[in-house]
Amino acid sequence: MKRDGFGSRLGALMALAGSAIGLGNLWKFPYMAGKNGGAAFILLYIGFMFLLCLPLMLSEFVIGRRSQANVMGAFRKLAPKTKWYFVGIAGTLTACIILSFYSVVGGWVIKYLFSSLCFEFSSSFQTVEQFRTFTHSSVSPVLMHFIFLGLVVAALWTGVKNGIERYSLILMPLLFVMILILAVYSLTLPNAKLGIDFLFKPDWSGITPGVALEALGQGLFSLSLGMGTVITYSSYIKKNENLGTMAIMTIIMDLFFALLAGIVILPAVFAFGFQPDEGPGLMFIILPEVFAKMPLGGVFAIIFFSSLFIAALTSAISLLEVIVAFLSEETRLSRKKTLLISGFVLAITGALCSLSMGSLSDITFWGNNIFDSFDKLSSIYLMPVGAFFISIFVGWKMQSADVYDELTSSGTVKFYFFKLFLFLAKYFVPLAIVVIFLNKLGVF
């Protein structure tokens, strides 16, 4: 049976951008920048995106397109009769774990989108209590999780070209337009200059090793590296496409959206007297209060949560595709059967994550509920470990000639920095990931 794939360069690029641009950009980046001093953190982040994330993304591109297989099949095909396929199994497991709690957050976004459509964000909106009551409920958040997951399954139902690519070509330009509208409006708010200065005037005195490591880790998280999504998507890219250009364009779009999100959120936060280091609650607690206070806030709340929903949906689609590609190619079941099986399992694991915020909060692992355990297991352990072995595989296991052949599309395009890429893949990227890993474990 002929393997599905992307039908155009633009479609592949939009799908990759959709995978990368998610809640990590619109939610996590602004509060990480706020927590770590703004502009100086952003400059470090940009530097690490090109020094660490670009060679790592190219490594995943090489593995995926060279093998033309799912994340486990890729390693088994490129390194037969070895144990490297365990990296692919770990990648699939990581996607399962992340999507379990990510779809819960996606459900929260749907709830807040519904609330914004009903213009519930008034000056009397009790954000902290509203958020706590909703997330601790045993019915509403689980139902929203089911709805979000159902939409993700539906998007994948018609395959790669007619499903992932088609929706990405519609949703990503729409996301850009909505975020741009919000950014322009945010710049017109009183005291918006305070937010812009915070974002773009670096205070180098605030730079510490801890801030540098935060910037490094945010780059890894933002581009969905180390979890199999890029390997899976790149296996659908045509052999004549320029992987170097595609990787750079994906990173530039990811950076652009992250900075736009900062321009949307931080000037508004400063304009209405809130602090930029509010943390994860910035999106669901602080921003509704901001919308309640700003002129036309109800309208812009709709645009913002619509944007957030699109970003969450496109990233979730890429995570589920990792699982579906693995199951359909390894078990020979049809895509639709694997979608239904995957959706059923994720509905259960996601429901457990949601209920762990309330009725199942007594179930803990090392002091964390199920939701937080899944989050920490994936972000602290599985993603860095996956990224480490991916870089080692391309830098040390694969033949340099094969890597060069893939990066040059069999000699049809130029790749001028091949020696630098190999050096980064062999030495810098693995070392940087080890440093991040040890820091997250609290070693230093």
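Student: What covers the buried residues of helix 4?
Tutor: Let's begin by remembering that we are looking at a predicted model. Helix 4 takes in residues 71-78, and its buried residues are Val71, Met72, Gly73, Ala74 and Phe75. The cover over these buried residues includes helix 3 (39-67), helix 5, helix 11 (229-234), helix 14 and helix 16.

Student: Which residue caps the N-terminal end of helix 4?
Tutor: Look for a side-chain oxygen that lies 3.0 Å from the backbone nitrogen of Met72. Met72 is itself one of the buried residues of helix 4. The side-chain oxygen belongs to the capping residue, Asn70.

Student: How many helices and how many strands does the protein have?
Tutor: Helix 4 covers residues 71-78, while helix 14 covers residues 297-331. Counting along the whole protein gives 18 helices and zero strands.

Student: Why is the protein said to be as compact as a globular protein of its length?
Tutor: The C-alpha trace spans about 65 × 50 × 45 Å along its principal axes. For 444 residues the globule rule gives 22 Å. The protein comes close to that value, so it is as compact as a globular protein of that length, with a radius of gyration of 21 Å.

Student: What percentage of the residues of the protein count as buried?
Tutor: A residue is called buried when its relative accessible area is under 20%. Applied to the 444 residues of the protein, this cut-off gives a buried share of 59%.

Student: Which helix gives the most to the lining of the largest pocket?
Tutor: The largest pocket has a volume of about 990 Å³. Of its 42 lining residues, the closest to the centre are Trp27, Lys28, Tyr31, Phe221 and Asp375. Several helices supply at least two lining residues each, including helix 1 (9-20), helix 2 (23-35) and helix 10 (209-222). With nine residues, the one that gives the most is helix 16.

Student: How many charged residues are in the lining of the largest pocket?
Tutor: Two of the residues closest to the pocket centre are Lys28 and Asp375, and Lys and Asp both count as charged. Sorting the lining by class gives 22 nonpolar residues, 13 polar ones and, for the charged class, seven.

Student: How many polar residues are in the lining of the largest cavity?
Tutor: The structure holds three cavities of 30 Å³ or more, and the largest has about 100 Å³ of space. Its lining includes Leu182, Val264, Phe291 and Phe304. By class, this lining has 11 nonpolar residues, no charged ones and a polar count of one.

Student: Which helices each supply at least two residues of the lining of the second largest cavity?
Tutor: This second largest cavity holds about 50 Å³ of space. Residues that line it include Ala15, Gly18, Ile164, Tyr167, Thr314 and Ile317, and the lining divides into five nonpolar, four polar and no charged residues. The helices that each supply at least two are helix 1, helix 8 and helix 14.

Student: Which backbone oxygen does the side chain of Ser342 reach?
Tutor: Ser342 sits in helix 15 (residues 335-355) and is buried, with a relative accessible area of 4%. Setting aside neighbours within four places, it contacts Leu320, Ile323, Val324 and Leu327. At 2.7 Å, its side chain reaches the backbone oxygen of Thr338.

Student: And how far does the backbone oxygen of Phe374 lie from a polar atom of the side chain of Ser378?
Tutor: Ser378 belongs to helix 16 and is buried, with a relative accessible area of 1%. Its contacts outside four places in sequence include Thr94, Ile97 and Phe101. From the polar side-chain atom of Ser378 to the backbone oxygen of Phe374, the distance is 3.0 Å.

Technical notes:
Residues are numbered from 1 along each chain as its sequence is written. This is a predicted model: local features need pLDDT of at least 70, side-chain atom pairs count only at pLDDT 80 or more; totals for chains, interfaces and linings use all residues. Side-chain values use heavy atoms; hydrogens and water are left out. On a 1 Å grid over the protein atoms alone, a cavity is a set of points where a 1.4 Å probe fits but cannot get out, and a pocket is an open set with protein on both sides within 12 Å along at least five of seven lines; lining residues have an atom within 4 Å of a point. Grid points are joined across faces, edges and corners, and a volume is the space filled by probe spheres set on the points. Helices (H or I, at least four residues) and strands (E, at least two) are DSSP runs, numbered from the N terminus. Buried means under 20% relative accessible area, exposed over 50%, partly exposed in between (1.4 Å probe, protein chains only). Contact means heavy atoms within 4.5 Å. A polar contact is a pair of N or O atoms within 3.5 Å; within protein, one must be able to donate a hydrogen and the other to accept it, and residues adjacent in sequence count only if both atoms are side-chain atoms. The radius of gyration is taken over C-alpha atoms; the globule rule is 2.2 Å times the number of residues to the power 0.38.
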